[in-house]
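This report describes how side chains pack in one protein model. Please have the sequence and the structure at hand.

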Amino acid sequence: MYAGQQDIVMARQTQRVWQRMLSGRRLDLLNPSAVDIEIDDIAHGLAFVARWNGQTVGNFPYSVAEHSIFVAELFHRLRPRSEKRWRLAALLHDAPEYVIGDMVGPAKISVGPGYAEMDARLTEAIHRRFGLPGVIPDKIKRVIKAADRHSARLEAEQLAGFTQGEADRLFGKPLSADVPERRLRPHSPPVVKAKFLKAFDELFEG
């Protein structure tokens, strides 16, 4: 038994390692099962999780759900002939955050590998639940990452108080001219949840 397995066993013996979801599911955070993943739980959670630790302008936080919808739209612009499942992968690229929350880059570095490991376990379970491969092909991941960084850049400059120079330095220049800029405006969690579920229904072929 390696060290990571020993930590999991000890955690199970000493404390609760599951979270109760609004659907009634009990999601084991150390060994998540695909059968305990529900899209309504994901949509609800992500609609209430704030990007940038909530340090954004507007009457509502800019949620992970709203960010995810935009990333899926950008992915489709960049790869218009891609299969629906890869657009679904783009929509779900931050789905684990419905359980573990969003964490800004500097905080992830401070926490260490534990956050990334939990994110990876949840991602695999979510992908299994919705018919996606546990590991997304590199060529698809690169496009999702490009869309993700473009969205982050716009959020940083428009909502989070970064200067254009800071946004360019941290997140790169805007994508090509065929991807138009967008004025971001946060919406209420119920509105965003409904939009996320609509996007999911259009892409999931289960």
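This is a predicted model: local features need pLDDT of at least 70, side-chain atom pairs count only at pLDDT 80 or more; totals for chains, interfaces and linings use all residues.

Residues are numbered from 1 along each chain as its sequence is written, and side-chain values use heavy atoms, with hydrogens and water left out.

**Nonpolar cores**

A nonpolar core is a set of buried Ala, Val, Leu, Ile, Met, Phe, Trp, Tyr and Cys residues joined through side-chain atoms within 4.5 Å. Buried means under 20% relative accessible area, exposed over 50%, and partly exposed in between (1.4 Å probe, protein chains only). The largest nonpolar core has 49 residues, of which Ile-42, Leu-91, Leu-92, Tyr-98, Phe-130 and Phe-196 touch the most other members. Two or more residues each come from helices H2 (39-48), H3 (64-78), H4 (84-91), H5 (97-100), H7 (113-129), H8 (138-158) and H10 (189-203). Helices are DSSP runs (H or I, at least four residues), numbered from the N terminus. H3 gives the most, with 8 residues. A second, separate core has 6 residues, including Trp-52, Ala-156, Ala-160 and Phe-171.

**Aromatic rings**

Rings of Phe, Tyr and Trp (its six-membered ring) pair if their centres lie within 6.5 Å; planes under 30 degrees apart count as stacked, over 60 as edge-to-face and the rest as tilted. The count comes to 6 aromatic pairs. Phe-130 and Phe-204 have ring centres 5.6 Å apart and planes at 85 degrees, so this pair is edge-to-face. Phe-130 lies in the loop between H7 and H8 and Phe-204 in the segment after H10, so the pair ties together parts that are 74 residues apart in sequence. Ring pairs also link Trp-52, Phe-162 and Phe-171 into a cluster.

The table gives the accessibility of three residues discussed here.

| Residue | Relative accessible area and class |
|---|---|
| Phe-130 | 4%, buried |
| Phe-204 | 27%, partly exposed |
| Arg-51 | 9%, buried |

Beyond four places in sequence, Phe-130 touches Ile-37, Ile-39, Ile-42, Leu-88, Leu-92, Phe-200 and Phe-204; contact means heavy atoms within 4.5 Å.

**Arg-51**

Arg-51 is found in the loop between H2 and H3. Its side chain makes a polar contact with the side chain of Glu-155 (2.8 Å). A polar contact is a pair of N or O atoms within 3.5 Å; within protein, one must be able to donate a hydrogen and the other to accept it, and residues adjacent in sequence count only if both atoms are side-chain atoms. Not counting residues up to four places away in sequence, Arg-51 touches residues including Tyr-62, His-67, Asp-94, Asp-102 and Glu-155.
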